[in-house]
Amino acid sequence: MSMPKRVLVIGSGPILIGQAAEFDYAGVQACLALRAEGVETILVNSNPATVMTDPDVGGTVVIGPLTLDFVTRVIAEHRPDALLPTLGGQTGLNLAVALDDAGVLAEYDVRVLGTPLAAVRAAEDRGGFRDLVTGIGEPVPESAVVESLEDGMTFFRHLAAPIVIRPAFTLGGGGGGFAATAAEARTRIAAGLAASPIGQVLVERSLLGWYEIEFEVLRDAADTTIAICGMENLDPMGVHTGDSIVVAPIQTLPDPVVQRLRRCALKIVRSLKLEGGCNVQLSVAPDGSDYRVIEVNPRVSRSSALASKATGYPIARIAALIALGRRLHEMPNPATGGNSAAFEPAVDYVVVKLPRWPFDKFPAADRSLGVQMKATGEAMAIDREFGPALLKAIRSLEPRGRGWLWEDPAWNLEHRPPDDVRAFLSASDTRLWRIVGLLRHGWADAAAISAATGIAPWFSERIEELVRAEEQVVGSPLLDAKLAGFGDADIATLSGAPWAAVRRARVRSGIHPAYRRVDTCAGEFPAETPYFYSSYADPEVAPPADRQSVIVVGSGPIRIGQGIEFDYCSVRAAWAVREMGLDAVVVNNNPETVSTDYDACTRLYFEPLDTESVLDIIDHERALTGTPPVVVLTFGGQTAIDLAKDLAYADVPIAGLSAEAIEITEDRERFAALLDELGIEGPRGSLAGDRDGLHAAISGLGGLPVIVRPSWVIGGRGIAVLRTDEDVRDYLATDVGWPLRVDELVEGIELDVDAISDGSDWAVPGILEQIDPPGIHSGDSVAVLPPQRVGRAVQELAAAAAGKIAMALGLRGVLNVQMIATDDRIVVIEANPRASRTVPIVAKATGLDVVAIAVRCALGSSLAEAGMAPGLAADGPRVAVKAPIGSLWRLPGVSADLGPEMRSTGEVLGLADTADEATDLARRAVAAHAG
């Protein structure tokens, strides 16, 4: 096969439930791998918050709707000679098939790299895949492929047993579900047929209660086929793998059973003649005596990203090279730099992935879990054993009060057991904590837990061991608690001591975590991967470093209000640090992201983003380099900013930012006082400490409407517009975060202003105008850059106000200010002393490397040295229109009504010469992903 000169790479579009940052990670790896081989890349994607859509990654980048018409135009204009379709999720795969069906690939002589589309169709077509698997002698559940409701109901009646519905060509289990009754079957089959783009569903016998196993497999054109990682879902069949706790390597099955499943996965991939990465899902009877093949994803997937981070093997990068015709045995081992890539990784640790659900924002949502994915993100943890890895993963979710020790008071487990244990432990986002609660209070043992849930006894026994270890924390040596995996905060709660006292006692006793390397070969060969995890067992000596390190704190699992845009910022920050000749150290725990690719930084620590872990890493880096590291918090969203107070208390140098500045901006009352001091207009309002104070504040403003804002929130959490007395009553019935700032609802045009300060001067690279009125969260509003309804003079006022605030706070780096333009006046609403979700949009619209400029200023450079002129930048040649997109159709019980609390999961961008053209592109991009 001849080497292509110009390859079209299709991205996955906006972040949706079921399709998230893992495809930015895959796309970045693929583009960089292709370009390193001398291949020109043309990237088409609609998501501006991605790393891949920067030209130094994607090459020729076309931001626009992922539709057949638009991509056909891209092919006609740029004339790629090849297409790589398997790195853009289900969106990219479906679009490649549509291009082929429409004759576009043949018309423009574009060949498909890697996995042939015939293999994609065979894997995605439920009937064809079933026939292929049975044809090679492998078992599948009894099933029927149907394209009408009547045929589906006929099969249900024939089977006379519970069924599962799996629509063809959908993502995240969209449209799927279980049915036990005729009424449920009719509803589920109809929904599945509607969700499938080809109107086809597989109706199969349910395997509820069997164990679910996944293998990530790579195959090249020479038929060399390897299993990169075997993973086991803690939750049995019935819960989407994206909503399940996932463990690697497989823990509960004997090796002969694991090898039998591995051989099956390799056999299927070879039969499909896939070239590249592939995910194979299987189901195993609890006694290991039987198994069934469930499905195959003929592309890199969420599980591919997890497997890559779990093993250190860069699946997407190797898959891209396979697509170019490279053979596995020709490529070096990506961990050791020698030998061959044709090897199966071995690990000597345990990886645990926990999903991150949005139910904290939507308490009225249906919290039950099934085959349709509901999680927005995930966190991963690594340790030597399952128990410590599970506890570390819980800390990585940033539980805000819902850590290992959390129990819902409504469960009343201190006083009595639940009436129906099986119902109490049904699949939901709280099932793990319910299990722990029953074990803690003695209402069940491990055997009863497994009997009620179908969870493998090995997992139930390990969780029970953690509960018993919890009981021993008080009165036992501190080292024992750390070896068991308990964080300092949990030890403090159990012992009744302050958290800081526990840390002091631990440090004085010389109890520190060791940092071990993720090396793909279980320590058998010298490895080069700068990828580490902490453990209190088995120390490993790290090589010394000779350069100053700068620690970039990431943003953790994706959630509504804190998404992929902060991973973009973290990655660009790490790259900027390396360009300055410093060691870029990244701390994060999201396996989906580019920032947790060890190639993106000098050293990567896969750890919880809490004070304990970050301080331990700081101590370790100080020991490595001999100098205190500088910590950058401004690119990791609210997660990173929340660490500032504790780090400042520990005398950790924070780049460009003080804890005092954060306190002023996050505390609504102190920020209002700052605006008064600066002579900047803010909304009229006052503080309310309770319900009587709220009523008094409303009266003081002359009545409704008002907007209420608690302090220290993400994504508008707890913020509400109150227009009627009924709104006030409903709001008071919620879990109100007192005290509240109660402000008048200012009418006008809302602006998002991103400012950069070097401590002496300021610059504003861009201003976004929100199209929706004030009271709608900016993340849920359509926005345009440059502003279209606000004149340059008012924009200058807005920029000057943002600059004035940055200077008053003593910031060096980036600041986001939200304000309202009304009658040629500016009313400032709030400021965030960090990067906002707007930064990638400003960067894409202006061509400025906003993050690099901000990083250089934070680390001591002037604006001029960083390449930015002071003041408001001139408008760029193009207009950008950002439009939000959500996945709330996956969350029954959640209202889609918009307000000051953010609800969208992602966004698209239209980029054109005029506002009308950009708006049309954004509209079409949204329509391409409408649920």
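Which residues is S428 in contact with, leaving aside its neighbours within four places in sequence?

**View 1. S428 and its contacts.** This is a predicted model, so to speak for a local feature we ask for pLDDT of at least 70, side-chain atom pairs count only at pLDDT 80 or more, and totals for chains, interfaces and linings use all residues. Residues are numbered from 1 along each chain as its sequence is written, and side-chain values use heavy atoms, with hydrogens and water left out. With those sequence neighbours set aside, S428 touches R367, S368, L369 and R434 (contact means heavy atoms within 4.5 Å). S428 sits in the loop between α14 (421-424) and α15 (431-440); helices (H or I, at least four residues) and strands (E, at least two) are DSSP runs, numbered from the N terminus. S428 counts as buried because its relative accessibility is 14% (buried is under 20% relative accessible area, exposed over 50%, partly exposed in between, with a 1.4 Å probe and protein chains only).

**View 2. Helix α26 (residues 668-678) and its buried side.** R668, F671, A672, L674, L675 and L678 are the buried ones here. They share one side of α26 because they cover an arc of only 155° around the axis (the arc is that of the directions from the helix axis to the C-beta atoms). Cover for the buried residues comes from elements including α25 (659-666), β24 (706-710) and α29 (792-809). After α26 comes G679, with a positive phi near 70°.

**View 3. Helix α8 (residues 149-159) and what follows.** Buried in this helix are L149, G152, M153, F155, F156 and L159. Seen down the axis of α8, they fall within an arc of 160°, so they line one face. E150, R157 and H158 are exposed on the face turned away from that buried side. Among the elements covering the buried residues are β6 (143-146), β7 (163-167) and α9 (182-195). Next along is A160, in the loop between α8 and β7. A160 has a positive phi of about 55° although it is not a glycine. Most residues other than glycine have a negative phi. With a relative accessible area of 67%, A160 is exposed.

**View 4. Where α21 (residues 564-579) meets α31 (residues 850-858).** The two axes come within 8 Å and cross at roughly 55°. Axes are lines fitted to C-alpha atoms, for helices over the stretch in contact, and angles run from 0 to 180 degrees between N-to-C directions. That makes α21 and α31 oblique to each other (under 35 degrees counts as roughly parallel, over 145 as roughly antiparallel, 65 to 115 as roughly perpendicular and the rest as oblique). On the α21 side, the contact includes Y568, R572 and E579, while α31 brings in V851, A852, V855 and R856.

**View 5. Two cis peptide bonds.** One joins A248 to P249, with omega near -10°, and P249 lies in the loop between β12 (246-248) and α10 (255-272). The other links L704 and P705, with omega about 5°; P705 is in the loop between α27 (691-700) and β24. Most peptide bonds are trans.
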